[in-house]
Amino acid sequence: MSAGFSEMDATESKSQPRPFSIKLWPPSQNTRQMLVVRVTDNLTTKSIFTQKYGSLSKEEAEENAKKIEDFAFATANEHYEKEPDGDGSSAVQLYAKECSKQILEVLKRGPSRKDDKEVLVSEEVSAPRDTMFDISKGARSFIEAKEAEETLEPLKEPGNSYTKICFSNRSFGLEAARVAEPILASIKNQLKEVDLSDFIAGRPEAEALEVMNIFSTALEGSILKSLNLSNNALGEKGVRAFGALLRSQSCLEELYLMNNGISEEAAEAVCELIPLTEKLRVLQFHNNMTGDKGALAISKVVKRSPLLEDFRCSSTRVGSEGGVALSEALDTCTYLKKLDLRDNMFGVEAGVALSKALSKYAGLTEVYLSYLNLEDEGAMAIARALKESAPSLEVLDMAGNDITAEAAPIVAACIAEKQHLTKLNLAENELKDEGAIQISKVLEEGHLQLKEVDMSINSIRRAGARVLARVVVQKPEFKFLNIDGNFISDEGIDEVKEMFEKFPDRLGSFDENDPEGGDDEEESGEGEGDEHELETKLEKLEVNKEE
C-alpha cells in the first residue's frame with residue numbers, strides 16, 4: 001500500500017524545479033496536508049485492504065489520517081537529524097513507509113465503536129494534546145543525567161505535540177545536557193517557545209558555558225517565536241555561547257534577557273548576534289549592568305524592531321547618554337503598548353528626549369518612569385507629551401523623580417485626560433499639599449476605573465491627605481491608597497480613616513508618617529490652626545488644561 005508521498009513529491013518537483021543542492025527534507029506544509037488527504041482516501045475508498053478489513057467513515061478517517069501523518073513525520077524527522085549525509089532522501093522513504101504501515105494497522109483494527117473515547121493510530125503510538133512541556137515546578141535543584149533521561153522521556157514519544165518547553169528552575173550539568181541534546185535536536189522543528197531561564201545555576205563557569213553551547217547547537221535552526229534566557233548570569237561569554245541559536249533566529253517575537261549580568265560588551269554581542277528583529281514585539285532587558293555604552297548597542301536592536309509593543313530596560317545603570325540613545329531609538333516604535341525604564345539615571349536631557357517618542361504612542365497603556373531623575377523639567381515634558389497621546393493609558397508611574405508642586409499643574413492636566421487610568425504612582429516626590437490637591441481635583445471627574453494611588457513620601461499634610469482621600473474613596477473600582485511617609489497630623493489621619501471606615505483594607509498603613517514633620521513650615525507661621533484655611537485656599541486652585 002502506498003501513502004502517495006513519492007508521487008506527490010515528484011509532482012511538486014515538476015511544478016517547482018529545485019536547485020540541484022536543495023534538500024529533500026523536510027516536506028512543505030502543503031505536501032504534508034496533501035498526504036493527509038491521500039491517507040484519508042486510503043482509509044475510506046474501495047481497495048483490497050478495505051474489502052478485507054472494512055473502511056472508516058470520513059470523519060474517523062480524517063482524524064486517524066492526521067495522527068498517522070504526525071507520527072510518520074516525527075519518526076522520519078528524528079531519523080533525518082541523525083543522517084550522516086543529511087540530504088533527507090532516506091527520511092522521505094521512511095516517511096512514506098511509516099504512513100503505509102500505520103494505514104494498514106488502522107484498517108486491521110476496523111472502525112471504532114461510538115462509545116470509544118479515543119482513536120488509536122497504533123498500540124505503541126499516543127497523540128498527546130499537551131503543547132507545553134514544563135519541568136520548572138517544584139524546588140529549585142540540580143538535574144543530572146539519570147534524572148534527565150527519565151524527566152525528558154515524554155519529548156521522545158513519536159508524534160508528541162509539544163511546541164513549548166520550559167527548563168527553568170532546574171540546573172543542568174554537562175552530562176544532563178548531553179542527554180537533552182539529541183532530544184531537543186529531534187523536536188526543534190516543532191518548537192515555537194523555549195524557556196531556558198535559570199537553567200545553569202550553581203554550575204562552575206566552564207561547565208555552564210559548555211552546557212549553553214550544547215543547548216544552543218541542539219536548537220540551532222529552530223523557528224522560535226519566544227526565547228527566554230533570563231537569570232543565567234550570561235555576561236559576554238554566555239551570550240556568545242548561545243551564538244549559534246541566536247544567529248539562526250529570524251522570526252522571534254519575544255526575547256527575554258533579564259538579570260543576566262549583561263555588560264557593555266555583552267550588550268554589543270546581543271546586537272551582533274541577533275541581526276533580524278523585524279518581528280520582535282517583546283524585548284525585556286531588566287536588571288543588567290548595561291550602562292551608557294551598552295545602551296547604545298541595545299538602542300540599535302530597538303531601532304530595527306519597528307513592531308515592538310513591550311520594552312523593558314529597567315535597572316540597567318543607564319545614564320543620560322544612553323537614555324537619549326534609547327529614547328531616539330524608541331521614536332521608531334510607534335506600536336508600543338508597555339514601556340518600563342524604571343530605576344536608571346536618565347536625567348532631564350534624556351527625559352526631554354523621551355517625551356518626543358512618547359508623543360507618538362497612540363496605543364500606550366502602561367508607562368513606568370520612576371526613579372529616572374527627571375526633575376520638574378523632564379517630568380513636565382513627558383506629561384505634556386502624554387497629555388496629547390496614549391488616550392487609553394491605564395498605568396502611569398513617575399515616582400521618585402523630584403517632582404515639585406511647580407510641575408503639578410502640567411502633570412494634573414495630563415492625568416485629567418487619562419480616563420482609563422487604573423494605577424497612579426507619584427510616590428517619593430515633593431508635591432506637598434498644593435500638588436496633591438491639584439491632582440486630586442482632576443481625579444474628581446470621571447476616572448471610574450481608578451484602582452490604586454500612591455502619593456507616599458511627598459511632604460503632604462492634613463489638607464492634601466483629606467482632599468485626596470475624599471476623592472478616591474468614592475471611585476467604584478478603587479482598591480488601595482498609600483499616603484504613608486508624609487507629615488499628616490494625628491487629627492488628619494483620624495479623618496482619613498473615618499472616610500475609609502467601610503473599606504479599611506483599601507487604606508495603607510501610616511507607620512512611616514511623621515505628624516511632627518515639616519517643622520520649618522510650622523515655624524514660618526503655618527500652624528495647626530491655619531491648616532483649614534490652607535486647605536480652603538488650595539481647594540480653589542484651578543488646573544489649566546492648556547498649559
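How many residues does the largest nonpolar core have, and which of them have the most contacts inside it? The structure is a predicted model, in which local features need pLDDT of at least 70 and side-chain atom pairs count only at pLDDT 80 or more, whereas totals for chains, interfaces and linings use all residues. Residues are numbered from 1 along each chain as its sequence is written, and side-chain values use heavy atoms, with hydrogens and water left out.

The largest nonpolar core has 129 residues, and those with the most contacts inside it are Phe 167, Phe 215, Phe 311, Leu 330, Leu 339 and Met 455. Such a core is a set of buried Ala, Val, Leu, Ile, Met, Phe, Trp, Tyr and Cys residues joined through side-chain atoms within 4.5 Å, where buried means under 20% relative accessible area with a 1.4 Å probe, protein chains only. Apart from this core lies another, of 20 residues, among them Ala 61, Ala 76, Cys 99 and Ile 103. When neighbours within four places in sequence are left aside, the residues in contact (heavy atoms within 4.5 Å) with Phe 167 include Phe 133, Leu 152, Leu 184, Asp 195 and Phe 215.

Of the 547 residues of the protein chain, 52% count as buried. Among contacts with a separation of 6 or more, 84% are accounted for by residues 24 or more positions apart. The secondary structure comes to 21 helices and 15 strands, taken as DSSP runs (H or I, at least four residues, for helices; E, at least two, for strands) numbered from the N terminus.

The largest pocket holds about 760 Å³ of space; on a 1 Å grid over the protein atoms alone, a pocket is an open set of points with protein on both sides within 12 Å along at least five of seven lines, a cavity is a set where a 1.4 Å probe fits but cannot get out, and lining residues have an atom within 4 Å of a point. Of the 33 residues that line this pocket, the closest to its centre are Arg 32, Asp 70, Phe 73, Asn 189 and Gln 190. Helix 4 (58-82), like helix 2 (29-44) and helix 7 (174-187), supplies at least two lining residues, and helix 4 gives the most, with seven. By class, the lining of the largest pocket has 10 nonpolar, 14 polar and nine charged residues.

One cavity of 30 Å³ or more is found in the whole structure. The largest cavity, with about 40 Å³ of space, is lined by Leu 229, Leu 234, Val 239, Phe 242, Leu 246, Leu 257, Val 270 and Ile 274.

Conventions. Grid points are joined across faces, edges and corners, and a volume is the space filled by probe spheres set on the points. Ala, Val, Leu, Ile, Met, Phe, Trp, Tyr, Cys and Pro count as nonpolar, Asp, Glu, Lys and Arg as charged, and the others, Gly among them, as polar. Buried means under 20% relative accessible area, exposed over 50%, partly exposed in between (1.4 Å probe, protein chains only).
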